[in-house]
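Please read it alongside the sequence and the coordinates.

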Amino acid sequence: MLPGCTGTDRVRGPGCGTGDSTRRFETREGEYAVDVERVRSQPPRVLSYEQREFYFENGYLLLESIVPDEWVERMRAVTDEWIDRSRAVSVSDAVFDLEPGHSAQAPRLRRLSSPVIVDERYWAFASESIIGDVVADLVGPDVKFHHSKLNFKWAQGGEEVRWHQDIQFWPHTNYSPLTVGTYLYDVGSEQGPLGVIPGSHLGELFDEYNDKDQWVGCISDADLERVDLDRAAYLTGPAGSVTIHNCRTIHGSKPNTADIGRPLLLNTFSSADAFPYTFNPLGTPYSGLCVRGKPARYARHDPRPCQVPPDWSGGYTSIFALQQEEAWDEDQLATVAAQTAGMHEGDPLGAG
Ligand SMILES: O=C(O)CCC(=O)C(=O)O
């Protein structure tokens, strides 16, 4: 068995790559898909070599119980406070995205958007915890923050996230961006764990507009016929486990049918040489800051084209609202527009 695959290591991938460090990762068109040689030139800090190769090959990684308990406790405490604050909110906005049925007595949050800007404890986690070191092992030493969100998937009905790829939401000059998900509580198969299609980051980039030319942020059923959904890996794990998926990896999650929720704290990073070229719907003053290493002097460009999203500079709702094709009324959208502007200035709630 390869080192790092014994199941007893604190940091462990769900299966291991070949460990063949000369392997190139090519798209179906034969282009070089992942900038692996540059990353391989440095020894990993917290991952094993096999885990790094597993990510290059499969476009995802599960690291069980890697976040120390103290951080998990801190993130649970701050999250409880924000759930309490959501009791005063009755209509979704750019910060609190509410599930149908949410009430002051029985809150049902779908998402807390841009947690790093509403509470500095979330930024401390994104910038200071081990997750920055993990990302440095996967994209190179210079790591740039892009955005964050906290998806709850409430007990008994927390909504599905349909199969999609992320990069069409926030195109960058290359495909290094990845998202780190942290499970704040244990997550089993009934709670809607994150599901990924192994190797899909090396394949096609799909259309995330519907046949009426409206952005829906997910892959159509017709296109999904070209995806081997039977190969989906569902990433379950104890509290403090971390999921990582590349921005091209097809992923999604089923509804939560269990009696306990599934708060998943998502932070997106890239190599420092990846630059976004569309409006960041969850942008904050932290977007573009390096959490490890130093800023880039040159942008690295991947020649593969990327679909672009609508212009969200006037306000963004959420992936849930978009995929469910929910209509938000004019007042809601006006609040969202003000909060989105405030978010970019660092004060979303003041602006709302
Ligand atoms: O919450 C989840 O299960 C998946 C979230 C996701 O893919 C997203 O927000 O882009």
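A residue is called buried if 20 or more other C-beta atoms lie within 10 Å of its own, exposed if 12 or fewer do, and partly exposed in between, with C-beta atoms placed from the backbone. The model is predicted: local features need pLDDT of at least 70, side-chain atom pairs count only at pLDDT 80 or more, and totals for chains, interfaces and linings use all residues. Residues are numbered from 1 along each chain as its sequence is written.

**Overall content**

The chain holds ten helices and twelve strands. These are DSSP runs numbered from the N terminus, where helices (H or I) have at least four residues and strands (E) at least two. Of the 352 residues in the chain, 50% are buried. Two residues are in contact if their C-beta atoms, placed from the backbone, lie within 7 Å. Among contacts between residues at least 6 apart in sequence, 82% join residues at least 24 apart.

**Ligand shell**

Around the ligand are Asn151, Val161, Asp166, Leu194, His251, Ser253, Leu264 and Ile319. A residue is near a molecule if its C-beta atom, placed from the backbone, lies within 6 Å of it. By class, the shell has four nonpolar residues, three polar and one charged. In this scheme Ala, Val, Leu, Ile, Met, Phe, Trp, Tyr, Cys and Pro count as nonpolar, Asp, Glu, Lys and Arg as charged, and the others, Gly among them, as polar.

**Helices H2 and H6**

Nine of the ten residues of helix H2 (residues 49-58) are buried, so the helix is mostly covered. The buried residues are Glu50, Gln51, Arg52, Glu53, Phe54, Tyr55, Phe56, Glu57 and Asn58. Their cover includes helix H1 (36-40), strand E1 (60-63), helix H6 (130-139) and strand E9 (242-246). Just after H2, Gly59 has a positive phi of about 75°.

H6 is also mostly covered, with eight of its ten residues buried. Those are Ile131, Gly132, Val134, Val135, Ala136, Asp137, Leu138 and Val139. Just after H6, Gly140 takes a positive phi of about 115°. Gly140 belongs to the loop between H6 and E4, and it counts as buried because it has 23 C-beta neighbours inside 10 Å. Beyond its neighbours within four places in sequence, Gly140 is in contact with Arg38, Val39 and Ser271. Gly140 and Val39 are 101 residues apart in sequence, yet their C-alpha atoms are 4.8 Å apart.

**The H3 and H5 pair**

The axes of helix H3 (residues 69-86) and helix H5 (residues 120-128) come within 10 Å and cross at roughly 150°. The two helices are therefore roughly antiparallel to each other. Axes here are lines fitted to C-alpha atoms, for helices over the stretch in contact, and angles run from 0 to 180 degrees between N-to-C directions. Angles under 35 degrees count as roughly parallel, over 145 as roughly antiparallel, 65 to 115 as roughly perpendicular and the rest as oblique. H3 contributes Trp71, Arg74, Met75 and Val78 to the contact, and H5 contributes Arg121, Tyr122 and Phe125. That contact has five nonpolar, no polar and two charged residues.

Most residues other than glycine have a negative phi. Ser114, which is not a glycine, has a positive phi of about 50°. Ser114 sits in the loop between E3 and helix H4 (115-118). Gln156 likewise has a positive phi, near 50°, and lies in the loop between strand E4 (143-151) and strand E5 (161-164).

**Exposure of selected residues**

The table lists the neighbour counts behind some of the classes.

| Residue | C-beta neighbours inside 10 Å | Class |
|---|---|---|
| Ser114 | 28 neighbours | buried |
| Glu99 | 18 neighbours | partly exposed |
| Gln332 | 17 neighbours | partly exposed |
| Gln156 | 12 neighbours | exposed |

Glu99 is in the loop between strand E2 (96-98) and strand E3 (109-113). Not counting residues up to four places away in sequence, Glu99 touches Arg108, Leu109, Arg110, Trp154 and Glu159. From Glu99 to Gly157 there are 58 residues in sequence and 9.4 Å in space, C-alpha to C-alpha.

Gln332 is part of helix H9 (residues 330-345). Leaving aside neighbours within four places in sequence, Gln332 contacts Val91, Ser92 and Asp93. Gln332 and Ala94 are 238 residues apart in sequence and 8.9 Å apart in space, C-alpha to C-alpha.
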